Amino acid sequence: MKVSILPASLPLAFSDGVFPAGCPSRTVLDHITSKWGVLILVSLSEGGQRWSELRRRAEGISEKMLAQTLKTLERDGLVNRNAQTAIPPRVDYSLTERGYELSTLLVPLVTWAFNNADDIVNGQR
C-alpha cells in the first residue's frame, strides 16, 4: 500500500468543527476508535459472527466489555444484532451498510498498525 507523504489537511467545511469538546463527531470517534471498537468492527468486516467467535478473536476482552461495545456500536447504527429463537439461544452480529463503509477505512489503519508495530514498540524509525 503506497501512502502519500504530503501533509494531510481536513476539509475546509470542518474548520475547527471537530475539535471543540461538544462536537458530536468526538463521541462517534470515541466509540469507533476504542481498542475494542476497532477490533470488533474489523472482525465483522469479514462477515457475520456469533458472540463466542467475537470473544475468541478479540483476545482479552471481557464479557462485559464485549456486550458494552456491541451495544454501543449497535446503537450507533454500525452493527446489526440478530437474535434467533433457538435453544440454546443464538445471536449473530454483522455490520450495517454504514458499518461496512467505516470498516473500509479502518482495515488500512489496522494494517498499518500491524506492519509498523514492531518498529514503533521497539523505538525504531
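This is a predicted model: local features need pLDDT of at least 70, side-chain atom pairs count only at pLDDT 80 or more; totals for chains, interfaces and linings use all residues.
**Stop 1: the whole chain**

Show the protein chain as a cartoon. Count five helices and three strands. Start at the N terminus and follow the elements: they run α-α-β-α-α-β-β-α. Now switch to the C-alpha trace. Along its principal axes it spans about 55 × 35 × 25 Å. Colour the chain by burial. Of its 125 residues, 26% are buried. Residues 24 or more positions apart account for 46% of them.

**Stop 2: helix α2**

Select residues 35-44, which form α2. Eight of the ten residues here are buried, so α2 is largely enclosed by the rest of the structure. Show those side chains: W36, G37, V38, I40, L41, V42, S43 and L44.

Zoom in on L41, which is found in this helix. Is L41 buried or exposed? L41 is buried, because its relative accessible area is 0%, and the cut-off for buried is under 20%. Look at what surrounds L41. Setting aside residues up to four places away in sequence, L41 touches I32, L73, L78, V79, L95, L102, S103 and L106. Then draw a distance from the C-alpha of L41 to that of G99. The two residues are 58 apart along the chain, yet these atoms are separated by 7.3 Å.

**Stop 3: where α2 meets α4**

Which residues make the contact? On the α2 side, select W36, G37, I40 and L41. On the α4 side, select M65, L66, T69, L70 and L73.

Pick T69, a residue of α4. T69 is buried, with a relative accessible area of 8%. Beyond its neighbours within four places in sequence, T69 is in contact with W36, G37 and I40.

**Stop 4: the largest nonpolar core**

Stay in this region and show side chains. The largest nonpolar core has 20 residues, and the members that touch the most others are I40, L41, L44, L54, L70, V79 and Y93. The largest share, six residues, comes from α2.

Select L70 to see one of these members in detail. Not counting residues up to four places away in sequence, L70 touches I40, W51, L54, V79 and Y93.

**Stop 5**

Move along α4 to E74. E74 counts as partly exposed, because its relative accessibility is 34%. Its contacts include V79 and R81, leaving out residues up to four places away in sequence. The C-alpha atoms of E74 and S94 are separated by 9.6 Å, and the two residues are 20 apart along the chain.

Next, select β2, residues 79-84. Q84 lies in this strand. Q84 is also partly exposed, at 34% relative accessibility. With residues up to four places away in sequence left out, Q84 touches R90 and D92.

**Stop 5: a cis peptide bond**

Go to the loop between β2 and β3, where P88 lies. Show the backbone of I87 and P88. What kind of peptide bond joins them? A cis peptide bond joins them, with omega about -5 degrees.

**Stop 6: helix α5**

Finish with residues 97-121. This is α5, a helix of 25 residues. From first C-alpha to last, α5 reaches 35 Å, close to the 36 Å expected. Where does α5 bend? Look at N115: the helix bends there by about 45 degrees.

Highlight G99, L102, S103 and L106, which are buried. The buried residues of α5 pack against α1 (24-32), α2 and β3.

Last, step past the end of the helix. G123 follows α5, and its phi is positive, near 75 degrees.

Methods: Residues are numbered from 1 along each chain as its sequence is written. Side-chain values use heavy atoms; hydrogens and water are left out. Helices (H or I, at least four residues) and strands (E, at least two) are DSSP runs, numbered from the N terminus. The expected span of a helix is 1.5 Å times one less than its number of residues. The bend at a residue is the angle between axes fitted to the seven residues ending there and the seven starting there. Buried means under 20% relative accessible area, exposed over 50%, partly exposed in between (1.4 Å probe, protein chains only). Contact means heavy atoms within 4.5 Å. A nonpolar core is a set of buried Ala, Val, Leu, Ile, Met, Phe, Trp, Tyr and Cys residues joined through side-chain atoms within 4.5 Å.
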